[in-house]
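Trainee: I've got a structure open and I'd like to learn how to read it. Could we go through some features together?

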Amino acid sequence: MMALARFDDPEAMRRGTALAVEDSAAHLYLRHFAQVAAALDEAGETPDSASVEPDADGFEVCPAEPAPGTCARFTDFTTEEGLVTGFRIDDIDPGERLVSAQDTTAGSAGVEARLITAYRSITRDDLVVTAEFTTTDDADLDLPGASYTTTDGERRRASEAIGDHHLEAGRTTQTMLAFPAGTPLGGRLAVGGCLAECSSRVDLEIPVG
């Protein structure tokens, strides 16, 4: 829980995953938020640590500047051989709302996108996707214009986009893209852009879930 609170230190969050069973809901949840923290850090928007308050049944976690409905209660922890496997957040199992990808990639004009995690938030109900982008040439990504198409064909624009829009050749950037409340897992993420002077268009599409 202390690792989960360390939004000011993505590496501390990643080290915390060693306290959870690999690929368990607890491990994927912390991995997701470590990626969110990495994207914020890379964009120069590093937040302060969250607060963690223990109580008789678990913990209450609140962001450094909590808004109504942003605190969450973590209870019903499960373990295996001393490592955490899962928990409930506000009485909901987050495991059913998480996606972790290993080999989900797409390429266009020398730019490669790799999906890392996706999570439909329990507290806000928005969909937050983390991804890595790598380019062989200078490129500009239209992250604010990213879209998500649901399995029903509904297209939604990103409500928040964190990450470096301009990539120099050979660079990799961590990004976080959020989509409005109610956006389900299982759709497709689309990100566009251009190489230098728009000599070539970049069109990337990756499945989420």
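Trainee: Is Tyr-29 buried or exposed?

Mentor: Buried means under 20% relative accessible area, exposed means over 50%, and partly exposed is in between, using a 1.4 Å probe and protein chains only. Tyr-29 has a relative accessible area of 8%, so it's buried. Phe-87 is buried as well, with a relative accessible area of 8%.

Trainee: What should I know about the numbers before going on?

Mentor: This is a predicted model, where local features need pLDDT of at least 70 and side-chain atom pairs count only at pLDDT 80 or more, while totals for chains, interfaces and linings use all residues. Residues are numbered from 1 along each chain as its sequence is written, and side-chain values use heavy atoms, with hydrogens and water left out.

Trainee: How many aromatic pairs does the structure hold?

Mentor: Rings of Phe, Tyr and Trp (its six-membered ring) pair if their centres lie within 6.5 Å; planes under 30 degrees apart count as stacked, over 60 as edge-to-face and the rest as tilted. The structure holds 10 such pairs. Take Tyr-29 and Phe-87: their ring centres are 5.5 Å apart and their planes are at 85°, so that pair is edge-to-face. It links distant parts of the chain, with Tyr-29 in helix α3 and Phe-87 in strand β4, 58 residues apart.

Trainee: And what kind of pair do the rings of Tyr-29 and Tyr-119 make?

Mentor: Their centres are 5.3 Å apart and their planes are at 85°, so this pair is edge-to-face. Tyr-119 sits in strand β7 (residues 111-120), 90 residues from Tyr-29 in helix α3. Both Tyr-29 and Tyr-119 are buried. They also belong to one aromatic cluster, together with Phe-7, Phe-33, Phe-59, Phe-74, Phe-77 and Phe-87.

Trainee: You keep saying helix and strand. How do I check the span of α3?

Mentor: Helices (H or I, at least four residues) and strands (E, at least two) are DSSP runs, numbered from the N terminus. The expected span of a helix is 1.5 Å times one less than its number of residues. With 18 residues, α3 should span 26 Å, and its end C-alpha atoms are 26 Å apart, which agrees. Helix α3 is mostly covered, with 15 of its 18 residues buried. After α3 comes Gly-44, whose phi is positive, near 75°.

Trainee: Which strands does α3 lie across?

Mentor: Axes are lines fitted to C-alpha atoms, for helices over the stretch in contact (heavy atoms within 4.5 Å), and angles run from 0 to 180 degrees between N-to-C directions. Helix α3 (residues 25-42) lies across β3 and β4, running at about 75° to β4.

Trainee: In what order do the strands of that open sheet come?

Mentor: Two strands pair if DSSP finds at least two bridges between them. Here 4 strands form an open sheet in the order β1-β2-β3-β4, with antiparallel pairing. The edge strands, β1 (51-54) and β4 (83-89), each pair on one side only. Strand β3 (residues 72-80) pairs with β4 over 5 bridges, and Thr-78 has Gly-86 in β4 as its bridge partner.

Trainee: Which residues touch the most other members of the largest nonpolar core?

Mentor: A nonpolar core is a set of buried Ala, Val, Leu, Ile, Met, Phe, Trp, Tyr and Cys residues joined through side-chain atoms within 4.5 Å. Among the 27 residues of the largest one, Val-129, Phe-133, Phe-179 and Leu-189 touch the most other members. Apart from that core lies another, of 23 residues, including Phe-87 and Tyr-119.
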